[in-house]
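Please consult the sequence and the coordinates alongside the text.

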Amino acid sequence: MKISNYRIDLESVVDEVKKQGYNLIGVQIPEGLKIHGLRIIDFLHNSTGKDFVLNVDPCFGACDIPYNSLKEIGVDLIIHIGHLPISSVVKKTSLPILFIEAKADLKLEKTVEASIPFLVGSKVGVITTAQHIHVLEEIVEIIESNGLKVVIGEGDNRISQKGLILGCNFSAATSISDDVDCFLFVGSGDFHPLGLLFNTKKPVVAADPYTGRVRVDELLDLKDMILKQRYGAIAMCRHAKRFGILLGLKPGQQRFDLAVEIKKKLEEIGKEAYLLSMDEFSPSKLLGLEKIDCFVSTACPRIAIDDYLRYKIPMITPAELDILLGLRKWSDYVFDQITEF
Ligand code: SF4
């Protein structure tokens, strides 16, 4: 079915529901497609005669599947639209989860062609998001037809397909950064190409198939701006005595061992440190606690960076804490990642 700019294979959902005889099905869709949620539910219900529950909590990734609460209300299948599976999340649940891609239906030849003059050297690492991964081969053909060699990286266990990037995991790029001269990121937004710049230390070209824009210098300006912000956040924690270590409860964001390790590290140098857990992060949930000087987030790495201005108390990532404690050099600044081996 074509919904907005996306092709979503709802027909395969109908087949699976009929074949397996599921009765109550939970459906998760990304924020950007929520406006079409009722249409999707209507189609599925009318095609199968079964009941579908649309989970309207914000859903930003496959890390965020509320299988326990859906199971409790009797859901026997979860349909997760728009993200590719994260293996550790799938392993944790006893409920079947059907991952259905939302494939961007765009002509990207012109955008990829426009990126060619900006690519540095002869070997290009190509990386993209779940919405465009189905056209990865097409992207490779366009670049190679211009005489360049393309390398596609294999990610760690959190990454289900070659060449896929997540905001919390750049391993499909870092695994090949020594083998390429630059990276081409195909997708929208700033976070992924910035993560590539920080974590691979290679030149990055970002090609946005939605707008046709190709960016290089603008990314470098953004990188400087983020570095200034992050330097400020780390500096504000310099004299912190009491730390709150934030633990995410979403199934694919839980890093309890890391949080405990950080607590220990801080206590060893005479700091006070507390483990604080949350499902959905929000500044208001942290109000009412006794004064904390600095938060260290072990949940989704994007929270500390994207939501920087929402929190009155500085929030830093585990990698930034290492800079604060002198365990990592500022010149080795990287975005935090959730890795799985
Ligand atoms: S942890 Fe954050 S970046 Fe990673 S999949 Fe979840 S929402 Fe996306």
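## The parallel sheet

In this predicted model, Ile78 has Ile97 of strand 6 as its bridge partner. Strand 5 and strand 6 (residues 97–100) pair in the parallel sense, with 4 bridges between them. Strand 3 (residues 24–28) also pairs with strand 5 in the parallel sense, again over 4 bridges, and Ile25 stands opposite Leu77 in strand 5.

These pairings belong to an open sheet of 4 strands, arranged in the order 4-3-5-6 with parallel pairing. Strand 4 (51–55) and strand 6 are at the edges and have a single partner strand each, so one side of each has no neighbour in the sheet. On average, neighbouring strands of this sheet are turned by 25° against each other, direction ignored.

How many of the residues of strand 5 are buried? For strand 5 (residues 77–81) the count is 5 of the 5, so this strand is largely enclosed by the rest of the structure. A residue counts as buried here if 20 or more other C-beta atoms lie within 10 Å of its own.

In a regular strand, side chains alternate between the two faces of the sheet. In strand 5, Leu77, Ile79 and Ile81 point one way, while Ile78 and His80 point the other way, and all are buried.

## Helices on the parallel sheet

Helix 1 (residues 10–20) lies across strand 3, strand 5 and strand 6, and runs at about 165° to strand 6. Helix 2 (residues 37–48) also packs on the sheet, where it touches strand 3 and strand 4; the direction of helix 2 makes about 165° with that of strand 4.

## The mixed sheet

A further open sheet has 5 strands in the order 9-8-10-11-12, with mixed pairing. Its edge strands are strand 9 (149–151) and strand 12 (214–215), each of which pairs on one side only. Strand 8 (residues 123–128) pairs with strand 9 in the parallel sense over 3 bridges. Within this pairing, Val151 in strand 9 is the bridge partner of Gly125.

Helix 6 (residues 136–144) lies across strand 8, strand 9 and strand 10 (182–186), running at about 155° to strand 8. Helix 8 (residues 191–200) packs on the sheet as well, touching strand 8, strand 10 and strand 11 (204–207), and its direction makes about 160° with that of strand 10.

## Domains and their contact

The domain assignment divides the protein chain into domain 1 (2–104), domain 2 (109–215) and domain 3 (229–332). The C-alpha centres of domain 1 and domain 2 are 28 Å apart. Domain 1 contributes 12 residues to the contact and domain 2 contributes 11 residues.

Which elements of domain 1 each supply at least two residues of the side that touches domain 2? They are helix 4 (87–92) and strand 7 (102–104). Strand 7 provides the largest share of that side, with 3 residues. By class, the side of domain 1 that touches domain 2 comprises 5 nonpolar, 5 polar and 2 charged residues.

## Residues in loops

Ser4 lies in the loop between strand 1 (2–3) and strand 2 (6–8). Is Ser4 buried or exposed? Ser4 is exposed, because 12 other C-beta atoms lie within 10 Å, and the limit for exposed residues is 12 or fewer. Lys201 is placed in the loop between helix 8 and strand 11; with 12 C-beta neighbours inside 10 Å, Lys201 also counts as exposed.

Ser284 is located in the loop between strand 14 (272–278) and strand 15 (294–297). Ser284 counts as exposed because it has 7 C-beta neighbours inside 10 Å. From C-alpha to C-alpha, Ser284 and Lys202 are 38 Å apart in space, and they are 82 residues apart in sequence.

## The ligand shell

Which residues come nearest to the ligand? Of the 13 residues around the ligand, they are Gly61, Cys63, Gly167, Cys168 and Cys300. The shell divides by class into 7 nonpolar, 4 polar and 2 charged residues.

How values were computed
Residues numbered from 1 in each chain as written. Predicted model: local features only at pLDDT ≥ 70, side-chain atom pairs only at ≥ 80, totals over all residues. Near = placed C-beta within 6 Å. Nonpolar A, V, L, I, M, F, W, Y, C, P; charged D, E, K, R; others polar. Pairing = 2+ DSSP bridges. Contact = placed C-beta atoms within 7 Å. Axes fitted to C-alpha atoms, helices over the stretch in contact; angles between N-to-C directions. Domains from an automatic or database assignment.
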